[in-house]
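Student: Hi, I'd like to go through this model with you. Can we start with the overall layout and then look at some side chains?

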Amino acid sequence: MEINATYNSLVAVGDSFTEGMSDLRPDGSYRGWADVLAGRLAARTPGFRYANLAVRGKLIGQIVEEQVALAAGMKADVVTLVGGLNDTLRPKVDMVRVKDLLTEAVERLTPHCGQLVLMRSPGRNGPVMHRFRPRMEELFGHIDELAARHGALVVDLYGAPVLGDPRLWDVDRLHLTADGHRRVAEAVWQSLGLAAESDWRAPLPAAVRPGWVTRRAADARFAREHLGPWIGRRLTGRSSGDGRPPKRPELLPYETRSEV
């Protein structure tokens, strides 16, 4: 990868991770690593264009059906594709189908972009995520194979211990904090051959483990505000992204925002 390469456009494809949850702006909208990355690329390339087609809750089949053709038609210099993790978190999942759909997405995107970027997504340390790690690692192994076959870049977020630190995850335990998203943006930035501006793998300072009462209160809040509603959506076949449009559906010049 060329050091300090020039990129004129970016299209982001995926689910809530790429939409930017839970990196809140002051106005209540989500920013996230893709917006941060686009802002940094725009600062060095006049006329830089950016689209973000990601929608929270989307499964890989929905990403393929709703986002891939649109992204391919934009013919961007860089396309990021992160999907399939929501599938692995379902009680039942057909991993063969998930991997086949991801293969389809890569095969449809690769001929129509300058550089495809895939990711081994981060996973929060904890007993709940531990249950799903075998599926995640099966998915990541397939991602590595696809990248080798099609010349895609792989950003290994899963292999960075700091991104498993609970302090980089929101109270819903599913989405990164603002600091976490900025680390992801830096990881993708470096994978594109651009000069490092920070060490995204740097560990957080040592912290005192919260007491038992504090931990149980946090668990109760998580169950009440996030786990319960998530289970309810699974049981009724609903998704948090139902009826929600992409945040940036067109490939347009990026307008820098002061808080990015």
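Predicted model: local features only at pLDDT ≥ 70, side-chain atom pairs only at ≥ 80, totals over all residues.

Student: What share of the contacts with a separation of 6 or more comes from residues 24 or more positions apart?

Tutor: Such residues account for 77% of those contacts.

Student: Switching to side chains: how many aromatic pairs does the structure hold?

Tutor: Three. One of them is Phe-17 with Trp-33: the ring centres are 5.8 Å apart and the planes meet at 40°, so this pair is tilted. Phe-17 belongs to helix 1 (residues 16-19) and Trp-33 to helix 2 (residues 33-44), 16 residues apart.

Student: Are Phe-17 and Trp-33 buried or exposed?

Tutor: Both Phe-17 and Trp-33 are buried.

Student: Why does the pair of Tyr-50 and Tyr-254 count as tilted?

Tutor: Because the planes of Tyr-50 and Tyr-254 lie at 55°, with the ring centres 5.8 Å apart. Tyr-50 is in strand 2 (residues 49-52), while Tyr-254 is in the segment after strand 6 (248-253), 204 residues away. Tyr-50 and Tyr-254 are both buried.

Student: Last one: where does the charged end of Arg-40 sit?

Tutor: The charged end of Arg-40 sits over the ring of Trp-189, 4.1 Å from the ring's centre.

Methods: Residues numbered from 1 in each chain as written. Heavy atoms only, no water. Contact = heavy atoms within 4.5 Å. Phe/Tyr/Trp six-rings, centres within 6.5 Å; stacked < 30°, edge-to-face > 60°. Helix = DSSP H or I, 4+ residues; strand = E, 2+ residues; numbered from the N terminus. Buried < 20%, exposed > 50% of the residue type's maximum accessible area, 1.4 Å probe, protein only. Lys NZ or Arg CZ within 6 Å of the ring centre and 35° of its normal.
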